[in-house]
Amino acid sequence: MSFEEAFNLEADKLHDECGVAGIFLKNSDKNEQPAAENPQGMSAAAMVYFALYSLQHRGQESAGISVFNDGEIKTHKGMGLTAEVFKPENLAELKGNLAIGHVRYATSGSKGIENAQPMVASSKLGSVAIAHNGQLTNYEPLREMLEETGSTFNSSSDTEVILKLIAKSYKKGLERALTDTIQMIKGSFSLCVMTENALIGARDPNGIRPLCLGKVENGWMLASESCAIDAVNGTFVRDINPGEIVIINNDEVLSFEFGERTSKRSCIFEYIYFARPDSVIDQIGVQEARIRMGAVLATESGVPADVVIGVPDSGIGAAIGYSRASGVPFAMGIIKNKYIGRSFIAPTQKERENMVFVKLNANKTDINGKRVVVIDDSIVRGTTSRRLVQILRRAGAKEVHFRISSPPVKFPCYFGIDTPSRAELISSNHDVEEICKEIGADSLAFISTDGMLEAMKECNPEHYGYCKGCFTGEYPIPVPGEINGKSVK
């Protein structure tokens, strides 16, 4: 099988699996019916819709919103982008002052409406809905235990396991049910949970996946990223701490920690690629982190060049940092067609590989006759990088030097990123020189792990500790198929 046949463009990027959001609008009087809108005239469901729209980069396979109204939870969800799933009439039917929402990227074999979120459980003790970003490492034994005690499942999602565990302990009270559940689950999770009178957020003890708290007029908000709070004209308050549960009701915002305090190990790929550049996660601006990584790249692997360009969108920040540190002028040398989305159909293998020619094009004015440094956030399979080199040479580039603002991705992720198997990761099977030859570049270099961490430290010296498992094979908690912190897949 040729290199072209072995890899395809559709799967040449890592995918974060979810984004979550929740809104709680206060009642003006506890004896009144729940308010449907805030003073600005926007319903809780509409606010969650706009939040999900701003989190669309975290998942494009399905979207859903649940609201609590008139004593029950109502949900609308479907396959597709947020704007495809929700029409004005759908939002008009989702009345209430309390709502949560979810966007999802489905992994292979788990696509289908049955796995779309939020997920809802109802009993005589009350109803609960949940939206989850992350992945449980002990999903299978927990599901088996629940099935042995009479639980039935409608999906293959680990989120349903969390929902069943909460419902099973609900008679102990919400706080106890949440604490008991969270102490049983292992892996990564940022949760938005909704009951008839409360919005709850929780973040795993390592803080692998992000979650933050915001203030909106007449209420509060939870979201995966701060850009979602900005999207509804809210005010960012703070990040939810690792191992923290926040309960928002009509009286107050309650906070407490569960279990023992552990070291923060937030996913460093949030800063490299997943998060929007205008978000702030754990007191670090995403764009600032990318700019500093680019500056480190210039220091570690600078090369004589006439222009530096970034692969849109996540490579732009690192390219700006490289330019500033190296003195090589920055240019928008690659133009992205922003209208290429999930609906773009490429039925054959060859057509899928050629999608990059439709999605990206070179600005010949910036490229022709020049030595070009091109910055990208990562190389997964190598297809996109190889096509980009072809595009730049076709535009007249005299030299093409590839620089990557993350270390080589060599190991799978077990915490909510859809990572290919090690056999499909080009850096697991090829050294840098071999990859450079495969993609056709004049030179190739990755940022070092130490350099990446130094860039993050410069952003916030007080924040330290990141999950780097996809680079090093060393994970913050035990994972399936792992011995002594090293993946054996």
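Okay, let's start with helix α2: nine of its 11 residues are buried, so the rest of the structure largely encloses it. Buried here means under 20% relative accessible area, with exposed being over 50% and partly exposed in between, using a 1.4 Å probe and protein chains only. Among the buried ones in α2 are Ala44, Met47, Tyr49 and Leu52. Helices, by the way, are DSSP runs of H or I with at least four residues, strands are runs of E with at least two, and both are numbered from the N terminus.

Some housekeeping. This is a predicted model, where local features need pLDDT of at least 70 and side-chain atom pairs count only at pLDDT 80 or more, while totals for chains, interfaces and linings use all residues. Residues are numbered from 1 along each chain as its sequence is written, and side-chain values use heavy atoms, leaving out hydrogens and water.

The whole protein chain has 19 helices and 27 strands, and buried residues make up 59% of its 489 residues.

Is Arg58 buried or exposed? Arg58 is buried, because its relative accessible area is 0%. What does its side chain make a polar contact with? The partner is the side chain of Glu225, at 2.7 Å. A polar contact is a pair of N or O atoms within 3.5 Å; within protein, one must be able to donate a hydrogen and the other to accept it, and residues adjacent in sequence count only if both atoms are side-chain atoms. A polar atom of the Arg58 side chain also lies 3.0 Å from the backbone oxygen of Cys18.

Most residues other than glycine have a negative phi, and most peptide bonds are trans. Asp282, though not a glycine, has a positive phi of about 50 degrees, and Gln283, also not a glycine, has one of about 65 degrees. Asp282 lies in the loop between β16 (280-281) and β17 (284-285), and Gln283 is in the loop between β16 and β17 too. Asp282 is buried, at 3% relative accessible area, whereas Gln283 is exposed, at 65%.

Then the cis peptide bonds. One joins Gln117 and Pro118, with omega about 5 degrees, and Pro118 is in the loop between β5 (98-104) and β6 (119-123). Another runs from Pro312 to Asp313, with omega near 0 degrees; find Asp313 in the loop between β18 (307-310) and α11 (316-326).
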